[in-house]
Amino acid sequence: MDDADRAASASRQPAVACPGCDLLQCLPRLGPSARVRCPRCGEVLATAPVDPIERPLALTVAAAIVLIVANTTPLMGLAVAGRAAQTTILGGALTMWSQGQALTGVLVAICAAIAPGAYLLFMLAVLTAVRRPPAPPWVGTLLRLAGHLQPWAMPEVMLLGLLVALVKIAELATVTAGVGLYAAGALPVLLAAIAVSFDPGAIWERVTWVGNETPPRIAPR
């Protein structure tokens, strides 16, 4: 392909504004593991993961399993003065609610269980639907909803609080880490891996618009 062909191909691509300096530029189609930087400020404009569908799907399935384990098995066990107790994430949120800390209990339930669960459910639906393009139009709606839910999925904050509480309680009682605690520790790692390997641009390319048209390639920002 000569320079004229490259210029013609680039002119057919939509213009993308650099998030760092607002320079408008047309991006070429990217090969596997390719990355495009802004020529003015060096900001990364687009990346092309090696496997934008299957790898995020596998990570999402693993994260969903880990989330179920984290919410259905005990986080830790406490033993003091011959008495023992254990609880789960949702059990702790319910205890906060019953003890008058309703707002804290609701936030824990949303950020540690409901939001991550809904985010992973939407991601599973999106990634499963786009495996055989063209994907149905409702995939775009679920992808937007997943993007809104992602900031609310904060299991790492809950994990940090658990570790702080674990250190303080260990001075007063015997603490035993449960399976749920290990699952809660693995969940933030899997969510971060999904975010790194997932390419929204690859999803939008496979979505069918109204009138059975496929959208033009739009580089992710």
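## Questions and answers

Visitor: Is V80 buried, partly exposed or exposed?

Guide: The relative accessibility of V80 is 44%. Buried means under 20% relative accessible area and exposed over 50%, with partly exposed in between (1.4 Å probe, protein chains only). V80 therefore counts as partly exposed.

Visitor: What kind of model is this?

Guide: Residues are numbered from 1 along each chain as its sequence is written, and side-chain values use heavy atoms, leaving out hydrogens and water. Local features need pLDDT of at least 70, side-chain atom pairs count only at pLDDT 80 or more, and totals for chains, interfaces and linings use all residues, this being a predicted model.

Visitor: How far apart are the C-alpha atoms of V80 and T174?

Guide: V80 is in strand β5, residues 76–80 (helices, H or I of at least four residues, and strands, E of at least two, are DSSP runs numbered from the N terminus). Along the chain, V80 and T174 are 94 residues apart. Their C-alpha atoms are separated by 6.4 Å.

Visitor: Which residue forms a salt bridge with E54?

Guide: A salt bridge is a side-chain nitrogen of Lys or Arg within 4 Å of a carboxyl oxygen of Asp or Glu, and the count here comes to one. E54 lies in helix α2 (residues 54–72), and its partner is 77 residues away in the loop between α4 and α5 (138–149). E54 is partly exposed, with a relative accessible area of 34%. The closest N and O atoms are 3.0 Å apart, and the partner is R131.

Visitor: On which residue is the kink in α4 centred?

Guide: Helix α4 (residues 102–129) has 28 residues and reaches 38 Å from its first C-alpha to its last. That is close to the 40 Å expected at 1.5 Å a residue, the span being 1.5 Å times one less than the number of residues. The kink is about 45°, as the angle between axes fitted to the seven residues ending at a residue and the seven starting there.

Visitor: Is A93 buried or exposed?

Guide: A93 is found in helix α3. The C-alpha atoms of A93 and V106, 13 residues apart along the chain, are separated by 6.8 Å. With a relative accessible area of 6%, A93 is buried.
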